[in-house]
Amino acid sequence: QHAAAMIATVLQHPVQLENFQVQLIGWQLDFQLHQVQLAMAADDKQSLLPLVLDTLSLKINILRSLQKRTMVLDRLQISNLQLDLYQQPSGAWTFNPTVMEKTQAGLSNVNQAVLLALLKQQPDLLLTTYALLRLHGSQGTKLVLHNNLINLTQEDGVVVISAQLKFDQHGDSLHIQARLFQDKDNLFSNGHCYVISDGIELTPLAAMLQPDFVVKQLRVGGQLWLHWQNGQITQARGQLDQWQLRYDNYETKASGKFDWQQLSDRWQLQLTNLEASLNGQPVGFTEVAIVVNAQHVIARTAQLELNQTVPVLSMIDELPARIKQPMQGLVPTGQIEQAQLLIAKKKPQEFLFSAAMTDVGITAWKSVPEVAHARGHIWLSHRGGKVQLDGFPTNLGFSKLHDQLWKFNHLQGQFTWDYLADRYRFHSSLIQMDTGTGLIYCTLSAESPRRGSDVTPFLQLSIGI
């Protein structure tokens, strides 16, 4: 009881001890404590936390303790720490599968208070020479981390953590450097963290965090810097050297730099130097910016290779038919710039895509003519689309009128198409075309029925020379 009271004074928290050994060496009391267990709260000595310290080694400096009238440590080391965390059906984590979730509310504060007490006594603390951490998912998955080395230091309210974690699978390792800033409530709600790994297998962890998202494999490697404020992560950036995700019928691989920020009204993600593929097909862009706010998801990229991006989009089964059918029918090729996709969060089938065309071609589909080497701007939505040609050499083809493309030195005008309930409608503004021998002006209007519709198709072309 006297030893437990002494250790409780050091930790500033009630404890239970199974057994201990003590030696007096000079002015030092050398304690070897076994099976140290913390109480849930200072006024609840019967309710113990399911966190047991296998071995706690500490040396108390008697002379300095007498001088300062408080316990002064010369050394503190926790060894052979074993900890199991269990995921509840709601997704919350507890230390014990039989402990109700509501009892976990005070665990974080208890752990932080004990950590602060230790660091105040011993600013340089080797927390553990060996640790075993088991994460038990609610769906039966398990992730094991072992042979972990964790060092802590404290100075002026800043706690520095240096950790090396090893995963049970594949011998993967993870290195962490973190700085935690103590606030007025003695909590670490602010701080930042640097993480580096050559590659770790996170498939079990992905199954725990997203049980409804069936992940066959998730492997990640690279460098990550995290910053959090008021208990919320506000920024994450780094270098992704390895990303491999397999789920359903998809396999994605990626590498590149990333920068994520959480702002007051939105979060945004910037990817650069990107090399990514879906089922082995390159995605067709090397940088992308994504912004998510309360109403919309917005994605932007400076340049897009349609020859690569279109096959990738065609693989996505979840893509709405209003996007996939025109894309598969028109088979766009070439290059576009300053592309932007805007999607409504509450109605993801509603979208708006816009881009500048530098050298784009499409095949004839429905009432839309074949186009080659087009330059200008394009807008696409769930209701239809529009193309503005800016007067560059362009080829245009109407398969029902002529079996070859018409080549123009100059083509300028606007084409618009609409998806109506029973038909596809296509029409144009006044189009100016330079054939090399003269100018041609025309307007075009066409309709074709949608499946199951009895609309009569027609094509009307008005030409002036």
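This is a predicted model: local features need pLDDT of at least 70, side-chain atom pairs count only at pLDDT 80 or more; totals for chains, interfaces and linings use all residues.
Now back into H6 itself. Its buried residues are Lys324, Pro326, Met327, Gly329 and Leu330. Together, the buried residues of H6 pack against H5, S22 and strand S25, which covers 406–419.

That brings us to H5, residues 306–315. Which residues of this helix are buried? They are Leu306, Thr309, Val310 and Val312. Looking down the axis of H5, you find these buried residues within an arc of 160°, so they line one face of the helix. Their packing partners include helix H6, strand S20 (296–305) and strand S21 (333–344).

Next, the cores. The largest nonpolar core has 34 residues, and Ile336, Met357, Leu389 and Phe415 are among those with the most contacts inside it. Let's look at Phe415: leaving aside residues up to four places away in sequence, Phe415 touches Leu389, Leu396, Phe426 and Ile431, among others. There is also a second, separate core of 31 residues, and Ala178, Ile200, Leu226 and Ala236 are included in it.

Last stop, the hairpins. Strands S14 (215–229) and S15 (232–247) run antiparallel, joined by 14 bridges. Gln229 sits opposite Gln232 in S15, and Asn230, in this hairpin with two residues between the strands, has a positive phi near 55°. S15 also pairs with S16 (250–262), again antiparallel, over 11 bridges. Here Leu240 has Gly256 in S16 as its bridge partner. This hairpin, too, has two residues between its strands, and Asp248 in the turn takes a positive phi of about 50°.

Note on methods: Residues are numbered from 1 along each chain as its sequence is written. Side-chain values use heavy atoms; hydrogens and water are left out. A nonpolar core is a set of buried Ala, Val, Leu, Ile, Met, Phe, Trp, Tyr and Cys residues joined through side-chain atoms within 4.5 Å. Buried means under 20% relative accessible area, exposed over 50%, partly exposed in between (1.4 Å probe, protein chains only). Contact means heavy atoms within 4.5 Å. Helices (H or I, at least four residues) and strands (E, at least two) are DSSP runs, numbered from the N terminus. The arc is that of the directions from the helix axis to the C-beta atoms. Two strands pair if DSSP finds at least two bridges between them.
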